[in-house]
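The following note sets out some points on the domain arrangement and on one residue of the linker. Please read it alongside the coordinates.

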Amino acid sequence: MAELAKRVKDLPPYLFARIDDKIAGAKAKGVDVISLGIGDPDLPTPKNIIDKMAEEIYNPAHHQYPSYAGMLSYRQAVAEWYRRGRGVTLDPQTEVLTLIGSKEGIAHISLCYINPGDVARVPAPGYPVYETGCMLAGGEAYKMPLRAENGFLPIFEDIPSAVAKKAKLLFLNYPNNPTSAVADEAFYRKAIAFASENDIIICHDGAYSEIGFDGYRPLSFLEVPGAKEAGIEFNSLSKGYNMTGWRIAWAAGRSDVIRALGTVKSNIDSGAFQAVQAAGIEALLGPQDIIPRMCAVYQERRDIIIDTLNEMGWHMEKNKAAVYVWVPVPKGFTSESFAEFVLDKAGVVVTPGNGYGAAGEGFVRMTLTINTERLREALRRMKESLGAVAF
Ligand SMILES: *Cc1c(COP(=O)(O)O)cnc(C)c1O
């Protein structure tokens, strides 16, 4: 049998495998398992977007290969969305690229810049694709710890200058998965200064840019002065418009980086289905009332989780954005033992924080993407089985 390539053998093990086995075991025993583990929006894609897709799918022009960079009309819609919502000017021809989901672009950007032995800086804990994309390119991911005492923001001054100089890419993600932390303009200005001093390209992942609570609106990286010279932003219709299954996203910003990503992609995929891009235009430029309605639903769920946990002895502040709550585990537990306890005693699945890298130890992630009644039931069961907790 052919031996697997080193780059595949080196991929980190799937840390959720043990918990998946436990979930399967509980289900087999007849437990009514409630999962707060999966960050996939439960709310439907808005009807105007589905209607647009239904109409566009009959257009025979869409049944052929799309253009590699994406339909110009879609890229123009992305640029117009940034102009209307963020006051950002983008050239749709050179500064916007259609992606088949932002995960795809995040995985491929390392192929553009990372030679074997090169370094990408990635947040830890973090969305796993920053690291694995770099590894698949033969590079090394250097982890930037996100610590609670720093608001889950990396401290650039802590990065040894030899390492800083070696790094070619710097991945950032705010609102953050899994910590739900947000970044302000001062932070992004520091990141841009650091990147420019060390000749690093910033790759900002803005997947949760539309999901803010209590009137808070997350910043787009591209709103910050100098961002377009410092790097690119990945964003997607997945979370903001409940379209995870549609696989439609974009990268926008610095033109040489956009061009490089387009070059790599044109050798790997052949573009996104044009009917989906047409539906994407409807999402970006059609009625935007879905966003405040969706945020209100997530906000209520966030309140259910945090209010109940605080009644039990936690001291959590309410997160301002994203679809997660990042919960410290009580005294005497590790991430994994707490997740196991909650599954065994309450039939509730939470994600152990160490699944996002060792830096996530001491936390579990709970998602807001579950039916509100089921969420209430999950919290009721957790309260019943855990009682009061200590820290
Ligand atoms: C969900 C998510 C994405 C992915 O998005 P797609 O556009 O659906 O590929 C990217 N980054 C983060 C941090 C996410 O949580």
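**Note on the domain interface**

1. Domain 1 and domain 2 bury about 2700 Å² between them, 67% of it on carbon and sulfur atoms. Buried area here is the accessible area (1.4 Å probe) that two parts lose on being put together, summed over both. On the side of domain 1, K320, W326 and Y356 lose the most area to domain 2, together 21% of what that side buries.

2. This is a predicted model, in which local features need pLDDT of at least 70 and side-chain atom pairs count only at pLDDT 80 or more, while totals for chains, interfaces and linings use all residues. Residues are numbered from 1 along each chain as its sequence is written, and side-chain values use heavy atoms, with hydrogens and water left out.

3. The domain assignment gives domain 1 as 6–44 + 290–386 and domain 2 as 47–285; such bounds come from an automatic or database assignment. Each domain contributes 29 residues to the contact, where contact means heavy atoms within 4.5 Å. The C-alpha centres of the two domains are 26 Å apart.

4. One salt bridge is found across the interface of domain 1 and domain 2, the criterion being a side-chain nitrogen of Lys or Arg within 4 Å of a carboxyl oxygen of Asp or Glu. D214 forms a salt bridge with R302, with 2.8 Å between the closest N and O atoms.

5. On the side of domain 1 that touches domain 2, α13 (290–312), β9 (324–328) and β12 (363–367) each supply at least two residues. Of these elements, α13 gives the most, with seven residues. Helices (H or I, at least four residues) and strands (E, at least two) are DSSP runs, numbered from the N terminus.

6. T45 is found in the loop between β1 (34–35) and α3 (47–56). T45 counts as buried because its relative accessibility is 14%, the limit being under 20% relative accessible area (1.4 Å probe, protein chains only). A polar atom of the T45 side chain lies 2.6 Å from the backbone oxygen of N242, and the side chain of T45 makes a polar contact with that of W246 (3.2 Å).

Technical notes:
Buried < 20%, exposed > 50% of the residue type's maximum accessible area, 1.4 Å probe, protein only. Polar contact = N/O pair within 3.5 Å; in protein donor to acceptor, adjacent residues only side chain to side chain.
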